[in-house]
Amino acid sequence: MATVLIKNGRIVTAVDDYKADILIEDGRVHTIGMDIAVGADVEVHDANGLLVMPGGVDVHTHLDWEFGVARTADTFGTGTTAAAFGGTTTVVDFCNQTRGESPLSGLEEWHKRAASAAVDVSAHMIMLDINPQSMADMETLIKREGVTSFKLFMAYPGVLMLDDGDLFRAMRVAGGNGAMTCVHAENGGVIRVLVEEAVAAGRTAPKYHSLTRPTSMEGEATHRAIRLAELAEAPLYIVHLSAAEALAAVTEARDRDIMVHAETCPHYLFLTDEEYERPEFESAKFVMTPPLRTHTHQTALWRGLRTADLQVISTDHCPFCFNEQPLGMKFSKQQGKDDFSKIPNGAPGLETRLPLIYDGGVRNHGMSINRFVELVSTAPAKLFGLFPKKGTIAVGSDADIVLFDPEETWTIRATEHHSRIDYSMFEGRSVTGRVSKVFSRGRMIVDGREWLGKEGMGQFVKRGESGKI
Ligand code: URP
Ligand code: ZN
Ligand code: ZN
C-alpha cells in the first residue's frame, strides 16, 4: 500500500483547526507535523486552500433494503460510491431480523449484500421478534459480531412496529450489554387510524402523508421511548427527529441527565412542508417518515443543534426512484399514484449531506467548522463505537480523510449523482463547499469528479460499546 503525504492543508477535527502535513502509512495516520520531508516514492497531495477533515460517518442508511411493498434503489456498491463522492467514508446501515427467524440470519444475509460496499460499513440490527432466543441472539450480536446498536420501531404497525413491552425488553438487553437502542418514535397506532380515515374519505394525494403524521404523535412517542429507556436504564438514540415536541422531550430528559441522544437529517433542516404543495405527483418525492415540517419546527431543530440536544446529522438515505428505472428496479414512488399510503416511504441524501451542512450550517447558520465535523463525523463515530478508528484525524486512526474545498460553488443535480436514484430533493440548489478528494484507509477513492475506488473494497467494521459520547 502506498505511503501518502497530504501537505499544506488546514486540518479540522471536532476540536482542532491548524495547518500541518499528514503522513499516511498502511492505511492509517502515521505522523502529523510541520513540513514533513519524504522521498520520491511517496504519493503527495497538496491540500493548500482546502479543509482536511475526517471522513463523514453516516449512521442512518437503508441500502438494498426491502421495506414493505418496495426495495430501496441503491445497492451497497452504488450507495457507498455516492457516499464517497459526498465525503462519507463510513456507513452504518440497517439490517433486519425476519419475523420468526434469528437476527443472526438477518446479519448473515446483510453481509452478502454489503460485500459490494466501496467504503467501510457496519450494521445496526432491526429487531422484529422479541423472545428469549432473540434476546440471547442480541447478546451474541453485541459480543461476537460487533453489532452494538439495535433499531426498534414505534411506527409502521403490521410491518415493523413493536409494542411497549417488547421495546422495553429489547432496551434492557441492549443497555445491559453496552449497546444502544435507536428508536423510530411516532405513535404508529394513532397514525394508522388517521391514514385509514384519510384514504376512506378520498384524501389520497401525497400531502396527506404529512397531514396524517402530526408532530404531536412524534412528540408523544419520543416521550414514551425516553421513559421506557429510563426505566430500562439503557442509552437511547432517537432517529430522524423532526418535530419541536420531540426535541422538547429529548431536551427535558437530557436536562435530567438521562442518556438520550438524537439525530436530525438535512431535509428537516432545509426543506419544509411547503414541498407538499407541488403540483401533480411531484410532492411524492418528499414522502419520507417523519414528513417535512413547518418553519417553526425547523427553527427548533437549528436551536437543538446549537444547544447540543441534537448530536448527529444523518441522512436516513432510503432511496426509492420517482419513476421506474431501466435498471431492473420495479419499485418507485409511482406505486402510490392513487393512494399516498402506498408511496414507498423514504428519500435519498447520502451524497449531499456534507456540502449541505457546510453551506447551510457553517456559511449561513453560525455553525463553527468544528461543530460541523462533530455533527457529521466525530459524534456519530463516538456514539456508535467507531471512535477513534473513525471520526477524527489522529495518529493511529484510519486514514479516512476528506479534502474539502470551502470556496467552490456548485449546483446539486440528480443527473450528476452516483446513487441510482432519479431525483434529488435539493435539485437546482446552489451550495458553496465541495468534496475535492477522498481517501479511504489511505487510498484515494475520489479525485474531483473521478472515481478511483472499487466496489467491494469497503471493510466491515466491528463496533465497540455504543451510547457514550
Ligand atoms: O421514510 C423513511 N424514513 N424511510 C426509511 C425507514 C425509516 O423509517 O427510517
Ligand atoms: Zn424511521
Ligand atoms: Zn431510516
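**Ground rules.** Residues are numbered from 1 along each chain as its sequence is written, with chains lettered from A and ligands numbered from 1 in written order. As the model is predicted, local features need pLDDT of at least 70, side-chain atom pairs need pLDDT 80 or more, totals for chains, interfaces and linings use all residues, and side-chain values use heavy atoms, without hydrogens or water.

**Helix pair.** I looked up helix 7 (residues 215–232) and helix 8 (residues 244–255), which pack at about 25° with axes 7 Å apart. Helices here are DSSP runs of H or I, at least four residues, numbered from the N terminus. Axes are lines fitted to C-alpha atoms over the stretch in contact, and angles run from 0 to 180 degrees between N-to-C directions. So helix 7 is roughly parallel to helix 8 (angles under 35 degrees count as that).

Next I checked who touches whom, contact being heavy atoms within 4.5 Å. Helix 7 brings residues including Thr 215, Gly 219, His 223 and Arg 227, and these meet a helix 8 set with Glu 245, Ala 249 and Ala 253 among them.

**Cysteines.** I searched the whole structure for disulfides (cysteine sulfur pairs within 2.5 Å) and got zero. For Cys 182, the nearest cysteine sulfur is that of Cys 95, 12 Å away. Cys 182 is buried at 0% relative accessible area (buried is under 20%, with a 1.4 Å probe and protein chains only). What about Cys 318? Its closest cysteine sulfur, in Cys 265, is 11 Å off, too far for a bond. Cys 318 is buried too, at 2%.

Note on methods. Helices (H or I, at least four residues) and strands (E, at least two) are DSSP runs, numbered from the N terminus. Angles under 35 degrees count as roughly parallel, over 145 as roughly antiparallel, 65 to 115 as roughly perpendicular and the rest as oblique. Buried means under 20% relative accessible area, exposed over 50%, partly exposed in between (1.4 Å probe, protein chains only).
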